Amino acid sequence: MAAASEIKERTAAIAAEYTHLEGPLMPILHAIQHAFGYVPEESVQVIANAINVARAEVHGTLTFYPDFRREPAGTHVLKLCRAEACQSLGADQIAAEIKANLGIDFHETTADGALTLEPIFCLGLCSCAPAAILDESRVIGRIDADKVAALVAEVTA
Amino acid sequence: MSLIREIDYGTPASTSETLVTLNVDGFDVTVPEGTSIMRASMEAGIQIPKLCATDMVEAFGSCRLCLVEIDGRNGTPSSCTTPVSPGMVVHTQTEKLKKIRRGVMELYISDHPLDCLTCAANGDCELQTQAGVVGLRSVRYNVDANHFTPQVRGESNFRYMEKDESNPYFTYDPSKCIACSRCVRACEEVQGTFALTIEGRGFESRVSAGAHESFIDSDCVSCGACVQACPTATLMEKSVVEIGIPEHSVVTTCAYCGVGCSFKAEMRGDELIRMVPFKDGKANRGHSCVKGRFAYGYASHPDRITKPMVRESIDQPWREVSWDDAYAFVADKFASIQKTHGVDSIGGITSSRCTNEETYLIQKLVRQGFGNNNVDTCARVCHSPTGYGLGQAYGTSAGTQDFDSVEHTDVMVLIGANPTEAHPVFSSRMKKRLRAGAKLIILDPRQIALVRTPHIEAQYHLPLQPGTNVAVVTALAHVIVTEGLYNEQFIRERCDWDEFQEYMEFVTDLRHSPEVVEGLSGVPAEAIRGAARLYATGGNGAIYYGLGVTEHSQGSTAVMAIANLAMLTGNIGRPGVGVNPLRGQNNVQGACDMGSFPHELPGYRHIAGEDVRNIFEEEWGVTLVKEPGLRIPNMLDAAVDGTFKGIYIEGEDILQSDPDTHHVAAGLAAMECVVVHDLFLNETANYAHVFLPGSTFLEKDGTFTNAERRINRVRKVMAPKNGFADWEVTMGIANAMGLNWTYTHPSEIMDEIARTTPSFAGVSYDHLDEVGSVQWPCNETAPLGTPIMHIDNFVRGKGKFINTEYVATDERSGPRFPLLLTTGRVLSQYNVGAQTRRTANVIWHEEDVLEIHPHDAEQRGINHGDLVSLASRAGETSLRADVTERVAPGVVYTTFHHPDTQVNVITTDFSDWATNCPEYKVTAVQVALATGRSNWQEEYDRQAEQSRRIEHDGELIHGD
């Protein structure tokens, strides 16, 4: 992980690109997450200074959106859909099994840092429920615990 | 007496002049356009249930309890966010509404502990009240998902958060939070600090200080607005947690800064439970700061001395005596001194912390009893140049506006004042207006908070070199005149046109141009030009200034330069404009008004005037001396010379607060009878022969006059710990001298003031009780007082332009002393700290530190936190370094709150040419790494310890 001073410097440079916007906080948070893979704690005050708001306000916005990460994710991110269609086809049960297999809960990362597990609410794949998405790019339909385990083994090998 | 319960209208008042009539539950009610249904209903006497609404903040509409039905409209809109409209028919109580409200309340209570009986808010909880209001009888939900039990089914509850007790004055208990966000909005809208937020969302929403920090680590300034806004026990004063809720309250006035906030002192018996800002207080409009709200503990501090004490010489220990013996001691000593050394050999100093009535009595004692005019006051060392400068230019020695005026200001010019630290409640009102779009110009050597703080950024910061105010302000006038931005019509009508011609000739000279002044002041010429244009053309321009203007060798000149600016631009005589000194102490305005100066009788009337003298001669039955007496520095000089031998000092610690401590000490040491009348054995008392215990503002009746000339009542809420109010003690001395005073209540003193002083002619306690407060002049033509002065004419007739030539101070940096020291205050401490150091406020400021720029620090090998020596030609002390870019290179800064540092050892005897106001704001100094405390500090401690011994039942104890 980068040193605090480096994070602050990079944050300031990124934030400076957006300060001309009206309502620059959300674009800055997205850009920071894009750059670091998460929004580091050290960035909060720097962002606040850049747009002249209090760090409490940055914190309030940051914590409102679960998609803003507070810690770096694993090498891969698996998101399991928890929306109605998937739930009706057993998504909750499958999620429980996957958690047990990986030994982690939602929003956690495996001990080797290979995989982060997250819930997501509707991928628009209701016809193939239950669904999941890996690394924001690979969508998988009609999942079960075994199918997911195989996929995880494949990418973390 | 009972507990004053102010009506909460739910949403702020609308200022519209258009009226709208609607019908609420069958009653017609007429309110200003823009009023919420909730407020209109409350005005009709019908209280709509509510939780997230309170009239200190804007409507939010989140609690869903205040729903109403409106004829012809669908649904159940929230009454707090729905404005009234003509002919609207509103129903606040229907079967549908009752059912919805009960359901909403049931959900709230399902995530709230049911420990009402042992809860600190029991009896003072809006959630409890509203549950009763909606008739909640049972809660059907029994859920494991909650925020208030540490454990759920034997496992730790991840939603539960521990109580945060980090703030010394209040607690944050997240388990009782209903997420109404009233605290967050109060912090933002009222205080303007933005220290709080709601973190998370939905059921996980919780109030967070900073970024999930403890309150003490966050940006919180402990103003108390959140505590006041909280409807439950979530944010609660520790005093209420410890003692219980109050049962009666008395409205009084804060005894800290010159804002003069009104508070309800909420009591249980004679125990003060809490100070709550009073909504009807016209200075503070229901807001407070950490000092007035919480830092009253000094009143019951064990250091308070409650028995009179005397000693023959200052190397002896103190001896406790009866009050009568103390009075006799003083009267005998003063009489024998005057017999030996002449009538002019004694004098008195009035206090800016005591009431008008007490101050009036001290100058009366001096003039009537001592038979001379040797009376002065601590305003000598702060705003005496304001009195002189504004008196010369406009004809009155006071600010021109009320604080409400700021709500109409478009451009604020802030000169040498740091209101977020020194006048916090007014700074919140400024910030509110700035967030609404007003522009800001700051002249200050330091990067004070208002230069850039969340949601506020000054358009111009002119970081001038200390000592160059007159040059820069005159340069602003130069730009306004040479660029033709002045208001000719105003000047022709209101000022002397010929005088203006002379002034114009003076100010247009090239030596006052921004380009030349840049060289003296270090302020870029373009910034001076931009600031001048903005002030002259930006709409209503108001100037606010502080001691950074007055405490200079050209303090009076700077005040006149400011007065010129306002006249040039026509910014005088209406709301939103004016010249407004921010006065430091609670009653420094009043002390000046009451004739505390050696050349003036009450009401700023010169002692040489026979008519004026006659009024008092008749009232007091003596002949008054027509020559002015000695000022404080003259008294000290005379003492060193051996011609001034006795002094009565009420409520002022001149040894710590006045410049050049060595000289003050030498003066005091040379006197035969120094009488100190104070709460504590202060630093001056080390040189005293008589100590008369004082009373706090909580223990007496009287009035304070704030920076806007507002005369506010001070009301007694408890008996004086020392037995007597200060006015009674002064009367004790007077009567021991045979003056035969017979006051039985301070109201009689005010009556005497009203009888003798035209600007106070209409003031009486009955009148003040009736109308709350008045701003002087208050007389037959203005029975309700005068919020804004000089409306059609200046008090002196025509406004006077005065040429303001810049003369550099003799105090300048050189090879031996290459840096310039300037001084100031912090939020949590007050003046010499005698009060605030004896409260939990020390958690924010344990010691004075020296701010130094990284460049200057590096040159000297100084790191953050190092002990450094600070030396000037006057003396040397030591303190810790704070390496920061708040100060410019070449400038260092510190505060004067702690006697351990005693920064006035460093300051010099240079002073304002007109008024002798000391030049605190500029001292040439050198800073170096220190190996230990200075010799002077060690020596001083030894002397202080020796001097504070008290003989008690044959034993020596140490007073502190």
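Predicted model: local features only at pLDDT ≥ 70, side-chain atom pairs only at ≥ 80, totals over all residues.
Local features need pLDDT of at least 70 and side-chain atom pairs count only at pLDDT 80 or more, while totals for chains, interfaces and linings use all residues. Residues are numbered from 1 along each chain as its sequence is written, and chains are lettered from A and ligands numbered from 1 in the order in which they are written.

Chain A has 7 helices and 5 strands, where helices (H or I, at least four residues) and strands (E, at least two) are DSSP runs numbered from the N terminus. Along the sequence these elements follow the pattern α-α-α-α-β-α-α-β-β-β-β-α. The C-alpha trace of chain A spans about 50 × 30 × 25 Å along its principal axes. Of the 157 residues in chain A, 29% are buried; a residue is buried if 20 or more other C-beta atoms, placed from the backbone, lie within 10 Å of its own. Chain A is assigned domain 1 (4–64) and domain 2 (76–156), with bounds from an automatic or database domain assignment. The C-alpha centres of these domains lie 30 Å apart.

Helix H1 (residues 4–16) and helix H3 (residues 41–51) of chain A have axes that come within 9 Å and cross at roughly 35°. Axes are lines fitted to C-alpha atoms, for helices over the stretch in contact, and angles run from 0 to 180 degrees between N-to-C directions. The residues of this contact include A:Ile7 and A:Thr11 of H1(A) and A:Val46 and A:Ile47 of H3(A); residues are in contact if their C-beta atoms, placed from the backbone, lie within 7 Å. By class, the contact of H1(A) with H3(A) has 8 nonpolar, 2 polar and 2 charged residues. Here Ala, Val, Leu, Ile, Met, Phe, Trp, Tyr, Cys and Pro count as nonpolar, Asp, Glu, Lys and Arg as charged, and the others, Gly among them, as polar.

An open sheet of 5 strands in chain A has the order E2-E3-E1-E4-E5 with mixed pairing. Strand E2 (108–109) and strand E5 (138–140) of chain A each have a single partner strand and stand at the edges, so one side of each is left without a neighbour in the sheet. Strands pair if DSSP finds at least two bridges between them. Strand E1 (residues 76–81) and strand E3 (residues 115–120) of chain A pair in the parallel sense over 6 bridges, and A:Lys79 stands opposite A:Glu118 in E3(A). Helix H6 (residues 91–102) of chain A lies across E1 and E3 of chain A, at about 155° to E1(A). Helix H7 (residues 145–156) of chain A lies across E1, E3, strand E4 (132–134) and E5 of chain A, at about 5° to E4(A).

In chain B, helix H4 (residues 182–191) is mostly covered, with 9 of its 10 residues buried. These buried residues pack against E8, strand E9 (206–209), helix H5 (225–229), strand E10 (235–237) and helix H12 (424–435) of chain B.

The contact of the two chains takes 18 residues from chain B and 11 residues from chain A. On the side of chain B that touches chain A, strand E8 (residues 196–199) of chain B gives the most, with 4 residues. That side of chain B has 6 nonpolar, 7 polar and 5 charged residues.

Terms used. Buried ≥ 20, exposed ≤ 12 C-beta atoms within 10 Å, placed from the backbone.
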